[in-house]
Amino acid sequence: MRIQLIVDAANVVGSVPDGWWRDRRGATERLRDSLVPYAGRGIAGCPGPVEVVLVVEGAARGVESVPGVRVEPTDGSGDDRIVELAARAAADGPGCVVVTADRELRRRVEEHGARCAGPRAVRPLPGEDR
C-alpha cells in the first residue's frame, strides 16, 4: 500500500492569485493535471510512488479523476473529508501527507498521525521552477 498524498484543492488553488476565482472548476482541473507527476516522484520528504488524492468541494465537485490522481468530491466540508481520509490512511496503512496551509485542518489531521506540507510542495509560485 502506498502513502497517500491528500491535497486540499480549495486551499491549494487559492494559494496563488492567478484568477482562479473566475473559473474555480477550470482552476481545479489545472491543479489536478499538474499533480499527475507527483504520483510517481512524490514530494520532498515523501518519495514516490504515492497515491495522489485531490479533495474537491463546491463548484469543483464535477472534476473527474485522471490516471495518477483520484478525485474525492464531497457534498459537505472538504476539511471533514480530508480528516476522514487521513484517519483511514493511518488505520489502514502507511499513512499520508496532507497538502494545505489551513492551520486548523493541519491540527486535525496531525491528531491522526498525518504529516503536512504547504501548497508550495505541489504548486510553485509564478516564476518558480520545480
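What follows looks at the sheet, the helices against it and a few ring contacts in this predicted model.

Start with the sheet. Its 5 strands form an open arrangement in the order β5-β4-β1-β6-β7, and the pairing is parallel. The edges belong to β5 (69-73) and β7 (115-117), each of which pairs on one side only. Going from one strand to the next, the twist averages 25 degrees.

Helix α4 (residues 103-110), for its part, lies across β1, β6 and β7, and runs at about 155 degrees to β7.

On to the rings. The count of aromatic pairs comes to 1. That pair joins tryptophan 20 and tryptophan 21, with ring centres 5.6 Å apart and planes at 80 degrees; edge-to-face pairs need an angle over 60, so this one is edge-to-face. The two partners also fall into separate burial classes. Tryptophan 20 has a relative accessible area of 18%, and because the buried class covers values under 20%, it counts as buried. Tryptophan 21, at 45%, is partly exposed. Another ring contact involves a charge: the charged end of arginine 41 sits over the ring of tyrosine 38, at 4.5 Å from the ring centre.

Key: Residues are numbered from 1 along each chain as its sequence is written. This is a predicted model: local features need pLDDT of at least 70, side-chain atom pairs count only at pLDDT 80 or more; totals for chains, interfaces and linings use all residues. Side-chain values use heavy atoms; hydrogens and water are left out. Rings of Phe, Tyr and Trp (its six-membered ring) pair if their centres lie within 6.5 Å; planes under 30 degrees apart count as stacked, over 60 as edge-to-face and the rest as tilted. Buried means under 20% relative accessible area, exposed over 50%, partly exposed in between (1.4 Å probe, protein chains only). A charge sits over a ring if NZ of Lys or CZ of Arg is within 6 Å of the ring centre and within 35 degrees of the ring normal. Two strands pair if DSSP finds at least two bridges between them. Helices (H or I, at least four residues) and strands (E, at least two) are DSSP runs, numbered from the N terminus. Axes are lines fitted to C-alpha atoms, for helices over the stretch in contact, and angles run from 0 to 180 degrees between N-to-C directions. Contact means heavy atoms within 4.5 Å.
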